[in-house]
Amino acid sequence: MKYDKKKYAEHLSGMVKFPTVSNVDPDKLPTEEFLKMHKYLEEIYPLVHKHLTREIMGKCGLVFHWKGTGKSDKLPILFCAHQDVVPEGDWNNWKYPPFSGHIDEEGIMWGRGSGDCKMTLMAEMEAVEALLEEGYTPDYDIYMAFGYNEEIMGGPGAACQIIADEFAKRGIRFGLVLDEGGGVANTPNGKVASINVGEKGYADYEFWVEDGGGHAAMPPEHNALGKLGKAMYDLECNPMPLKLVDAVIQMFKAQAPITAGRMGELKADPAANWEELQKICLETRENNQFFRTTTTPTMAQGSAQANILPEKASVITNSRLLPGDTLEELEAHFKAVLPEYVHFRLAKGHNPPSISRTDSDGFKVVSKVVRELHGEDVVIVPGLVAGGTDSRYYCPLSDSVYRFVGGKASSRVGGVHAVNEHIDTEVLDSNVEFFVRIIQTYGE
Ligand SMILES: [Zn+2]
């Protein structure tokens, strides 16, 4: 197989030119930009569009189906990526315009979505196109699904929920699902492949306090905003309890050989070192997130004017739920900590998805390809991703859902969700090769 990184860079640059920014207001989704990008995909991937069936699901979700020969009884594979991107921010702070897909003389490509997540979409499409070019047909079925509202946590009407429901309706289950969320990294202690097997749950809650309002010149001892402020502080002081869950034990054990110092020793046996780990958790945010469900206030509102007492004060919080915890438990915790005059409701959220297996055929295939591409000594970590991914919608359809894309690590990447998002075009070929090898190896 010949890999052409220059061609991949051109194609990716072309995709970045479409400002497919998702919006929490469904009416403001720039559907025409997505449809223009679909047209562009048709131009650059003629074989994919000739040999695979393509369906539009939801407003502009893309689902491709490559029918295999049927010689293998393996369950289908599903490759995921999202078409949408976060807003580009202040154009003045970009080195090159955010939707230029500009490739500089050092081979760096600049643009919103270049890394998150159009590179993955490109790599998956290129892999299938390249195999078709060689006349390859898999013995099992392959699907690709590209949603359009990952960056707003699905918003109202999550594209991948619609797609997953359709798969379920058709009785389709997957032997392997791959999505963004992890990769190979070079650390001072060696190469690490984070084949992420899970993610935390997510929830936005609205909390509010109501009282009489009135003139700010004659305030009560505590008004609605003051009471709510105290309630939020109390919530911070009384978080959900620290807890050691299996997924974290598994992740820490795998990380132990490449973690320096005392932390490395502790990670080797988290259960035996739980007391000491708890102390460290209280001191570092990086570790704390893995040992409890967190809640933090992020937005607040009082009255409309400085000299008016708020009749209603409200706060939005953001929670991340540890695997095993539920929204019901979190709400019971809120009730236990807060006084009755503080009301709350779930604005948006979901329980943590199930943790995928590490003893499945899918995991073995991914690990095998990783070792072939990156060397036998690469340390494989079945971890948890910090954020959320579209892959959670497919967890009910597979016990092998991994947030992992296995191209070569590069230090010349950055700016995800910030200005100056950029990627290294020198490693694009390895991203395509990863998916090619997954397809070939899975069928063996
Ligand atoms: Zn993403």
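Trainee: In what order do the four strands of the open sheet stand?
Mentor: This is a predicted model, where local features need pLDDT of at least 70, side-chain atom pairs count only at pLDDT 80 or more, and totals for chains, interfaces and linings use all residues. Residues are numbered from 1 along each chain as its sequence is written. Strands (E, at least two residues) and helices (H or I, at least four) are DSSP runs numbered from the N terminus, and two strands pair if DSSP finds at least two bridges between them. The pairing is antiparallel, and the order is β13-β15-β11-β16.

Trainee: Which strands stand at the edges?
Mentor: Look for strands with a single partner, so that one side of each is left without a neighbour in the sheet. Those are β13 (294–301) and β16 (343–350).

Trainee: How many bridges join β11 to β15?
Mentor: β11 spans 201–210 and β15 spans 312–321, running antiparallel. Glu-210 stands opposite Lys-312 in β15. The bridges number 10.

Trainee: At what angle does helix α11 run to β16?
Mentor: Helix α11 (residues 327–337) lies across β11, β15 and β16. Axes are lines fitted to C-alpha atoms, for helices over the stretch in contact, and angles run from 0 to 180 degrees between N-to-C directions. The value is about 160 degrees.

Trainee: Is α12 oblique or roughly parallel to α13?
Mentor: The axes of α12 (residues 361–374) and α13 (residues 428–442) come within 10 Å and cross at roughly 135 degrees. Angles under 35 degrees count as roughly parallel, over 145 as roughly antiparallel, 65 to 115 as roughly perpendicular and the rest as oblique. That makes α12 oblique.

Notes: Contact = placed C-beta atoms within 7 Å.
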